[in-house]
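Me: I have a structure to read and would like to go through it feature by feature. Could you take my questions in turn?

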Amino acid sequence: MLDACDTESPREACGVVGVCAPATTEVGRICFYALFQLQHRGQESAGISVGDGVTTTTHKRLGLVTQVFDEKIISGFRGHVAVGHTRYSTTGSNVECNTQPIQGHFRGTPFVLAHNGNLVNSMELRAELEAEGMRFGTTVDSELIVRLIESMDAPNIEAAVKACLSHIRGAYSLVIGTPSQVMGIRDPWGVRPLCLGELPGHGGHILASETCAFPPLGAHFLRELEPGECVTLDESGLRAEQVEPLQARAMCLFEFVYFARPDTTMYGTSLWQVRRRMGNLLAREHPADADIVIPVPDTAYPAAVGYAEESRIPYMEGLVKNRYIQRTFIQPEQSMRELGVRLKLAPLRENLLGRRVVVVDDSIVRGTTTLQQVKLLRDAGAVEVHLRITSPPVKFPCYYGIDMAVQSDLIAHRMNVEKIRAHLGADSLGFLSLSNTVRAVGVNKEHLCRACFDGRYPCEVPEPFRVTKLALDPSATLAGE
Ligand code: SF4
């Protein structure tokens, strides 16, 4: 599987950032660097809002973080609080109006909201609110939260935000900013990550989707937010409160397999180590008689190291990735899809020629890209191709903020492992079992969402919602899918 720009893979949802640093006016710059660290979570649009105590200023556009912001824009931000967002569209198509942070007003106080996740009751909520006469400017579920906050009968914005939570269901890590404070909230299952750090050089705190945002800023990781917890940051410091009752913890297992960066820690564990353990266990569960082990870049590097360690088969690079290819390169037609794979991955013939190759990858979703990869390796001279996958077969769609595919497009929904192997043209194929995937993470199975593998959705998904990410956008189509 490829990341970010290929048409088969599951795609990250979004990255969110919140900064409150009373000792500096450079929060826009801090937010920019944090978003840059979270770019892997969404490449379609980016936005930053900065609060100066009176009002908020927002700049957001389609594009990568470095395309949306330049020095003039960053140095123009002045204030002590900031909210940032980088987006991959899991509901609503990729158009300018759907960029975040989304702006709202509560009784004259401006606020902004950045959301990672998906609401599973968005269709019914939108219908209810439209029936009450409410109008929407976007086709994303995140705007529903903004309009709900605006409509709450509450004494202040903090109370309105908390009151709104009882109306929404699903996966959400939210960062909400007013001109003088930032609130970070995690859904009662804790499906999507949200971390808290300290900014010692700036007398403040930072919230971010992943801990990898902190080190370049000199920020110290304090802790992950608890499911159902709200942390409020303002000039008086930090307040934490359980605002929704904790449900069964259900952090997304795919964050460990693929989405999060390897230098991030989740549930107190380094993801690089988790992925290396996945490789170790994969080698035990599915050994192969081969000459070299290669990763599909980039996510599978640590797992390939782990597989090589355990199997004592030499680790080598077999594919070189062009990191600069954008999603727009990839077209839905089969011929262009093939070209897309060849533009993105180049085989290292001198390492592959005449060799029996174990290829370690993180997942197979539709199978279309893996098919091209196997062909690529054979064309480059590999005499055997043994696919080893560090997760179980994906049989069920995700409704919690990861864009995978509809169920009928999932290859493991339609075929058993042997049929998938034959379809992909591999000499052998082995998926890491669910029990070993969880074992590599090192936490209780019941503390993870693994619904795309076993179909057990921790937060019930209403039948009408089991459609596409464009549930709120009937006129749109899924480009490139
Ligand atoms: S269904 Fe899969 S991708 Fe979605 S939250 Fe659960 S484990 Fe993650």
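Me: Is Arg-312 buried or exposed?

Reply: A residue is buried if 20 or more other C-beta atoms lie within 10 Å of its own, exposed if 12 or fewer, and partly exposed in between, with C-beta atoms placed from the backbone. Arg-312 has 8 other C-beta atoms within 10 Å, so it is exposed. This is a predicted model, where local features need pLDDT of at least 70, side-chain atom pairs count only at pLDDT 80 or more, and totals for chains, interfaces and linings use all residues. Residues are numbered from 1 along each chain as its sequence is written.

Me: Where does Arg-312 lie, and what is its phi?

Reply: Helices (H or I, at least four residues) and strands (E, at least two) are DSSP runs, numbered from the N terminus. Arg-312 sits in the loop between α9 and β18 (319-321). Its phi is near 60 degrees, a positive value in a residue other than glycine. Arg-107 also has a positive phi, of about 45 degrees, although it is not a glycine. Arg-107 belongs to the loop between β5 and β6 (109-116) and is exposed, with 11 other C-beta atoms within 10 Å.

Me: In what order do the seven strands of the open sheet stand?

Reply: Strands of a sheet pair through backbone hydrogen bonds, either parallel or antiparallel. Two strands count as paired if DSSP finds at least two bridges between them. Here the order is β3-β2-β4-β1-β10-β9-β11, and the pairing is antiparallel. At the edges are β3 (56-62) and β11 (220-224), each with a single partner strand, so one side of each has no neighbour in the sheet.

Me: How many bridges join β2 to β3?

Reply: Seven bridges join β2 (residues 45-51) to β3. Within this pair, Gly-51 stands opposite Thr-56 in β3.

Me: How far apart should the ends of helix α12 be?

Reply: The expected span of a helix is 1.5 Å times one less than its number of residues. For the twelve residues of α12 (residues 368-379) that should be 16 Å, and the end C-alpha atoms are 17 Å apart, which agrees. Buried residues in α12 include Leu-371, Val-374 and Leu-377. After α12 comes Gly-381, with a positive phi near 110 degrees.

Me: Which peptide bonds are cis, among them the one from Gln-100?

Reply: The bond from Gln-100 to Pro-101 is cis, with omega near 0 degrees, and Pro-101 is in the loop between β4 and β5 (102-106). Another cis bond joins Pro-297 and Asp-298, with omega about 0 degrees.
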